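Below is a short note on the strand order and helix packing of the structure shown here.

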Amino acid sequence: MPPPIVVQVVVDKPLTQGFDYLWDKEMLGSRPEVGSIVEVPFGRSHLIGIVIKVSTHSEYEIEKLKGVTRVAPLPSLDPAALRLMNFASHYYVHALGETIIPTIPQMWKKPEDWEKIPKKLAADKEKKKKKSDPEFTEELIDESHLNQGQKIALEKLRTFSSDEFRAILLQGQTGSGKTAVFLNWLRGILEDTSAQVLLLVPEINLTPQLERRVRAYFPDKSMVVLHSGVSEKVRGIAWYEAMTGKAQIILGTRLAALTPMPNLRAVVVDEEHDPSYKQQDGIRYSARDLAVWRAHDLKIPILLASATPSLETWMAARAGRYEYIRLDQRAQGASLPKVHLVNTRDPQTQFSPGDLEKPKVKSLITKTLANAVSKNLEGKQQSLILINRRGYAPVLSCGACSWLSKCDQCSSYMVLHKAGALGRKSVLSCHHCGLVKIIPNHCPDCGNADLKTLGQGTQKIEDFIEEMWPSARVLRVDTDSSRKSKGAEELFQEIHGGNVDIVVGTQMIAKGHDYQNIGLVAVLDADSRLFSQDFRAAERLFAQLVQVAGRAGRSSKDGEVSGAIYIETQFPEAAVFQFLLRHDVDGFLSFTANERKEAGLPPFAYQALIHAEAKSLDKAIQFLSSLKSHLRAQGLISNGLKVYDPVPKAVMRVAGSERAQLLVESDNRKNLQETLEAIDSYLRSHSQGRISKEGRIRWLIERDPISI
Ligand code: ADP
Ligand code: ZN
Ligand code: ZN
């Protein structure tokens, strides 16, 4: 009798070990391979698994092993993809199965449908053939159109061999032509018709513009788009085309970073500093960092593009660990917008009583800004007014007692949304747990009928703008308005089409959109993000302001639009504003680097958070305290390693659970890795999965958190 075939399989559970199964060649009709996607019996049900080892023996009794029940009609995950998953699993201290399986699209995880899939794929191919090419209206910047700076950048990129690891920072302000440069670079790489390239972008649903542009650049290349917004089936097919090497261009958000691509030759991470590259649940990876690791592993170049690089990337480029290419001019020659810091504490910036035509209207913006908007309207240019809070007002309050619209389930306030935003009625809504309530007629505590709103959101500003400039065409763009009737893309088209004079919205308007006629951008709530317990708050605010400023002052075919940005603040002297005033990105980064160095913060230290979630805060804190005591008793808290005291999270209570965290910090990556592994194995030995046996506390380890 031939020896049995035993495969080791990992499943999507927080279990560090794999499980042995028998492989019946006759029944399954194929030989097992490492990377095969299979269905296995598990407990009382069946699960999807990945084969990670093939052998002829097991540590368990062969007779007692169950058999693999089905194999997916897919090629196995290639060795490089498995190396990437292994690395991610190890680095982020997350089980291998839990790392791999969530990256496989839903469509491939339904074994009952596996038989039908080859047919579906064939049908899809037919459909694609029939579909006529969409028209491209985008202007193509070919190599011959590049300006001097772009040409030099492209030449430099071409000196890097395609079979050597290079990380390259391409730094240049918004509109300096970075995209034009990297698309021309990729064109060269794609001349090899088997080569694949990965183009990562933050939040693709907001950037169909880039998708169109890439399609227009590469009309005869097969391209797939991978992000959470595409339908399950489309995503399944896109993933299939990427993992079989059929698609040459893979454009996607962070989730695309983990897609198998057997012929990957180059990677571009656009807006590499963007926080949306960080996954915030499950395995909390950084898609950018994994992409760099992947490029290193494959010995290929990776280009990181940004107007405001992350401190990590910028320092690596300055130190020569990354190649450094800069574009210092705006491609179409437009000048940088002038920055105005409007000091809201200065009475001269404010309206005085007789200033307003309708004295009833209480101004929500400064006189300085209002005058600038009026002038911009006269000049027939669009204005963009940003406030990073959707809804009407962040809190409803009672003037008679101290009642505030707190969420029952969270330690946060419920936001007032006027009719039309989330539905036909005005409601209170919690942005953390999603709880929605009808607005009370009178105070639930004292019965007072005069409830007042505190603060302001996009809706309130929209109302105000409409009263202030009754003849202006006003459009609100936030996730509420884009979810409602029109999709975000349609709203953007309204702006592009010039059907709008004033746009009120959240940060989402500023992302990746190439507007042609914005003369003025205003930021109303910068201060709320200036002071925060999170040491990265200023870095993030600076990046957002630069990006926002980049939306103003592009030149159009009708001539140059010289833009201006107005920032209302009580603290114009703050460093982040002062560097912005001078458009000094490097100055700001170097200032921030010094601050971090003095404080011993990342990138000068490595961090991890241990999250704990329980029914009560006390329990969560106690759980983390005893973890800390354990580490101390084991002698793990020693040179270079710091373990802080457990603290409640900024939003401590969400949906009825209370949350705390423990910060672990080290000046040495390896030291941190070892500590995290020790923490993981200690917590595991006291848990079922990731829930502690005693006290039922849900825990999770997060490496390189981006907000503390
Ligand atoms: P970035 O990626 O740095 O924001 P883009 O490559 O998107 O810059 O370029 C900004 C705008 O300038 C785009 O509309 C693009 O088509 C245009 N553009 C880029 N390079 C040139 C060039 N050499 N000549 C004219 N227009 C250009
Ligand atoms: Zn009251
Ligand atoms: Zn809530």
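**Two parallel sheets**

1. H340 stands opposite Y566 in β25. The two strands concerned, β13 and β25 (residues 564-569), pair in the parallel sense over six bridges; pairing requires that DSSP finds at least two bridges between two strands. Strands are DSSP runs of E with at least two residues, helices runs of H or I with at least four, both numbered from the N terminus.

2. This is a predicted model, in which local features need pLDDT of at least 70, side-chain atom pairs count only at pLDDT 80 or more, and totals for chains, interfaces and linings use all residues. Residues are numbered from 1 along each chain as its sequence is written, chains are lettered from A and ligands numbered from 1 in the order in which they are written, and side-chain values use heavy atoms, with hydrogens and water left out.

3. β13 and β25 belong to an open, parallel sheet of six strands, ordered β13-β25-β22-β14-β21-β20. At its edges are β13 (338-343) and β20 (474-477), each pairing on one side only. From one strand to the next the twist averages 20° (axes are lines fitted to C-alpha atoms, for helices over the stretch in contact; angles run from 0 to 180 degrees between N-to-C directions).

4. Helix α11 (residues 367-378) lies across β13, β14, β21, β22 and β25, at about 160° to β22.

5. A further open sheet has seven strands with parallel pairing, in the order β8-β9-β7-β10-β11-β6-β12. β8 (223-226) and β12 (323-327) each have a single partner strand, so one side of each lacks a neighbour in the sheet.

Technical notes: Contact = heavy atoms within 4.5 Å.
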